[in-house]
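Please keep the sequence and the structure at hand while reading.

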Amino acid sequence: MRVSKLTAVLCASVAMPAMATELEVTHWWTSGGEAAAVAELAKAFDASGDKWVDGAIAGGGGTARPIMISRITGGDPMGATQFNHGQQALELVEAGLMLDLTDVAEANNWKEIINPPSLLEACTVDGRIYCAPVNIHSPEWLWLSNKVYEDLGLPVPKDWNEFVASAPKVREAGKLPLALGDQPWQSNLAFGAMQIAVAGLDAWKAVNVDKNMDVAAGPEYAKVFQAAAEARELAKGSNVQDWNQATNLVITDQAAGQIMGDWAQGEFQVAGKVAGTDYTCLPGLGLNEYISTGGDAFYFPKLNDPEKEAAQKRLAALLVSPEVQVAFNLKKGSLPIRGDIDLSAANDCMKKGLKILAGGNIVPSGDMNWSPDVQKQAEDLMVEFWKSDMAPEVAHQKWVEILKSGL
Amino acid sequence: MASTTEAATGRQGTEARPRARWTRNISAKIAAIPMIATALVVFVGGTIWTVVYSFTDSKLLPRLRWVGFDQYERLWSQNRWLISIENLMFYGVMSLVFTVTMGFILAVLMDQKIRFEDTFRTIMLYPFALSFIVTGLVWQWILNPQFGIQGVVRDMGWTSFSFDPLNNPQTVLYGLLIAGLWQGTGFVMCLMLAGLRGIDEDIWKAARVDGIPTWKTYVMVIIPMMRPVFITTLVIVASGIIRLYDLVVAMTSGGPGGNASQVPAMYVYDYMFQAQNLGQGFAASTMMLLSVLIVLIPWAYLEFGGKKHG
Amino acid sequence: MADLSMSSAMTGPRGARPKRALSPRNIMLYGILIVVCLYYLLPLWVMVMTSLKGMPEVRMGNIFAPPVEITFQPWVKAWAEACTGLNCDGLSRGFWNSVIITVPSVILSIAIASVNGYALINWKFKGSDIFFTILIFGSFIPYQIMLYPIVILLREMGLYGSLWGLVLVHSVFGMPILTLLFRNYFSSIPEELFKAARVDGAGFWGIYFRIMLPMSLPIFVVALILQVTGIWNDFLFGVVYTKPAYYPMTVQLNNIVNSVQGVKEYNVNMAATLLTGLVPLVVYFVSGKLFVRGIAAGAVKG
């Protein structure tokens, strides 16, 4: 039984099906680089004989997820859908609405090839695998405009501390030291990046993995809040909304730097900027070169149609395959989920990321550690903190309360 | 009001033949099934469902695991929720006062036997055809400090001119108001104009004979007579205010300063779908519904309860 | 208050009669109206002007100035080239879907609401006012709150993801305000007509079709405008309750407006906005006069 099922899947993933099966795939990748990356997935799927029906919904996960969840619970699910891997789709899996991909994973040896293993763990519920990870995104990057510093006659900062030290001169020159968009998650992201950079790995792990609330309330984290309060001063006068508008301030040399995820480099790339000469990227803010391994994964709702189910499994296998991983991630600017592929075409920043990944300097992402509820509360707190004069001590205390609510 | 009352109660079937109670008016009852179903199943049913699940710890999917008033306790301890309510109250009062007074004054101006009335009216009404997303987008663009009004005035030489309501937590609600009023006052003006046109010419004649000044006639006689119009207006405007969501998302996403333009509907949506905490979202929506009830029940009593005695 | 008959609702303006053409009073009156109109027209002007400029000009110049070099490229891009994920055919993709959704939704919601209003005024039965009050209460419920219960309802009815499910949702959410307007309007139709028809033996539907309908063109126009506007502009229901095959035009608009690639392309956004708003705007301009008449009778009675 088991063997025959396996061979069936193997055959299905290799052989061309006689009839193209249409699968509708929903996602929220609609910016320039993202759409180009999705096109690679669609191309590969269509080439394998099936048909990718694109269901893009713009406006980010906040707009798209309610729609996806409504459709899955409403009994009219799509063929496959993007989620950030972690706890977002956990309940859908527990409710038995998602397709079990364990056989695909075993047939294609996902356990061995997917690196870091935490990615696959995030897809695993009760020992079964329910999602196919496609990329790794890390938010802990500082992006700097080289030109701003050249004009000032200063060396480009090599870490966060140098960046802070140089900020007054940047301000004097009428430029913005730190660009920060108004959307709540951006404040939260900046704080997250500072956590690991300032508090250090041990404290970070104690809080986020072991959920040690004493460390969370302790001196290491007090330092993080002090640093964030400093950063808040540097971001005063930043009046854009979207993250890529903030990135654009750096691209156009109106701002010296921005804390943003690795997806920002897509914007630099589209603007024709070259890593190293036009802009500089510092993973882990240059202090602690650790990156967290969040990212995107595809989930496959149960469709009760054997033909479609076979197609879903074919797509799942395809997403993890080396060719698709290379093509997709080069366009997306994200890191691949397997270490055994050649990404020599990657640019400087991406190579830095790959090196860190290969060195194993990685931590699980917020989506894996905390429930969306805790994250949303932290986001609310952070946006208030970054955009008001809330004392760091007060914010620190509130933050610990929020974490405790998620224990 | 006399004839209204009669209209309300006196038009039932006049047949003399006695019939069983429930079959009387049978076509009307059948015809009203969609309304009854909507009222009971969707509005009442949906509301009860929401209230019930607000006492659970439902996360992504609704489930009946009771937690008592936990969600409410948490809700009222959230700074963001409190600010949302404050913002909505401020925006709501300002918006009501301005739409109703502006709408009324414009209607009075339009009612002066002016030329080109159609043109003026069309101009004031067209924004109502556009969605809030569009409204928000356009005004965000006009209020953009770099390219919009502020930039243009500065380019003309007044370099210290500052008009950037959307990026200042103190003024952002006024920025929203500018856009909200633009979209909605035209419609209110039409309602008011209709009300003014519905008032008997004799009243004006009588007022003139008595030598009452025009403005006084409006305040003392006309406005009280237009009570039904004001009520309809209030229902339409207030229901729009409580639902305020799209405009805020399109213009400010709740910022600046993080919370300066947060509104309750945004809190509900964010917690239901982004935080995947249905229980919390339902608790917040229950509070919103409760406040609607507090306003509506006295009104419904006056409107329907009162008439039976009149 | 005297019964508001049809004729009095439609007579001309009231108030003091104007004396001379250029009296100070008139100068002030028209002055104020013109200033107010500038406030209303400004955004439309900005939208049209911005949509006719190229991006460099948008970034350099004054948003109120007319374009130096007129380009229709933003319009072409918005209509036929802007991308939603992999589908780069702009707004054109959703236009017919919007029509397919709007037409049955408008017809069904108006049919139901007009019958409701008629039954509420002329065929009152026990509890009918209570249902009406609940309906009005329903108009205050934020849509977002009802998303989940309706998903469950539609699933149980087997209508989830179908066009008819969406039509039903639009009818339900259009019902409160429309019923209010129809009810008020019908109450202004002279009762004698109704009584006479009853004496002649006409029943519920007979009176509705032969007396009420022919007399109610203005309020039907009001309902038509409100519904066309509301349903055409809807994004949330269209995307939550249907399949991508039926996604309305506003989904593409949302995608164009919300997926920022580098600098926001304000000119394309504005063109897309205008294109999406075109249908409701045309409906307004064509039927403006009837709209006011209908509102006149529909809103005045409380």
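Confidence within chain B of this predicted model is lowest in helix H1 (residues 2-9) of chain B, where the mean pLDDT is 38, and highest in helix H5 (residues 79-110) of chain B, where it is 90. For chain B as a whole the mean pLDDT is 80, with 89% of its residues reaching 70 or more. Over residues 1-18 of chain B, pLDDT stays under 50, and the model has 23 contacts beyond four places in sequence for this stretch.

**Fold of chain B**

- The secondary structure of chain B consists of 15 helices and 0 strands, and 47% of the 310 residues of chain B count as buried.
- Among the contacts in chain B with a separation of 6 or more, 70% are made by residues 24 or more positions apart.
- An unreviewed UniProt entry lists residues 30-55, 88-110, 122-142, 172-196, 217-242 and 282-302 of chain B under "transmembrane region".
- In the model, residues 30-55 of chain B are 88% helix and 0% strand, with the end C-alpha atoms 36 Å apart, while residues 217-242 of chain B are 96% helix and 0% strand, with the end C-alpha atoms 33 Å apart.

**Interface between chains B and C**

- On the side of chain B, 93 residues are in contact with 87 residues of chain C, and helix H3 (residues 33-53) of chain B gives the most to that side, with 11 residues.
- Sorted by class, the residues of chain B that touch chain C comprise 59 nonpolar, 21 polar and 13 charged.

**Interface between chains A and B**

- Here 22 residues of chain A are in contact with 19 residues of chain B, and the elements of chain A that give two or more residues to its side are helix H3 (60-73), helix H4 (90-94) and helix H20 (372-387).
- Of these elements, H20(A) gives the most to the side of chain A that touches chain B, with 8 residues.
- The residues on that side of chain A divide into 8 nonpolar, 6 polar and 8 charged.

**Domains of chain C**

- The domain assignment of chain C gives domain 1 (16-74) and domain 2 (92-300), and the centres of these two domains, taken over C-alpha atoms, are separated by 32 Å.
- Contact between the domains of chain C involves 8 residues of domain 1 and 8 residues of domain 2, with helix H2 (24-51) and helix H3 (55-60) of chain C each supplying at least two residues of the domain 1 side.
- H2(C) accounts for the largest share of the domain 1 side, 4 residues, and by class the domain 1 side has 5 nonpolar, 2 polar and 1 charged residues.

**Backbone geometry in chain A**

- Most residues other than glycine have a negative phi.
- Lys211(A), although not a glycine, has a positive phi of about 55 degrees, and its place is in the loop between helix H11 (201-208) and helix H12 (213-216) of chain A.
- Leu285(A), likewise not a glycine, has a positive phi of about 55 degrees and is found in the loop between strand S10 (279-283) and strand S11 (291-292) of chain A.
- Is each of these residues buried, or is it partly exposed? Lys211(A) counts as partly exposed because it has 15 C-beta neighbours inside 10 Å, whereas Leu285(A) is buried, with 24 other C-beta atoms within 10 Å.

Conventions: Residues are numbered from 1 along each chain as its sequence is written. Chains are lettered from A and ligands numbered from 1 in the order in which they are written. This is a predicted model: local features need pLDDT of at least 70, side-chain atom pairs count only at pLDDT 80 or more; totals for chains, interfaces and linings use all residues. Two residues are in contact if their C-beta atoms, placed from the backbone, lie within 7 Å. Ala, Val, Leu, Ile, Met, Phe, Trp, Tyr, Cys and Pro count as nonpolar, Asp, Glu, Lys and Arg as charged, and the others, Gly among them, as polar. pLDDT is the predictor's confidence in each residue, from 0 to 100. A residue is buried if 20 or more other C-beta atoms lie within 10 Å of its own, exposed if 12 or fewer, and partly exposed in between; C-beta atoms are placed from the backbone. UniProt positions are given in the numbering used here, feature names are shortened, and annotations may be inferred rather than shown by experiment. Domain bounds come from an automatic or database domain assignment.
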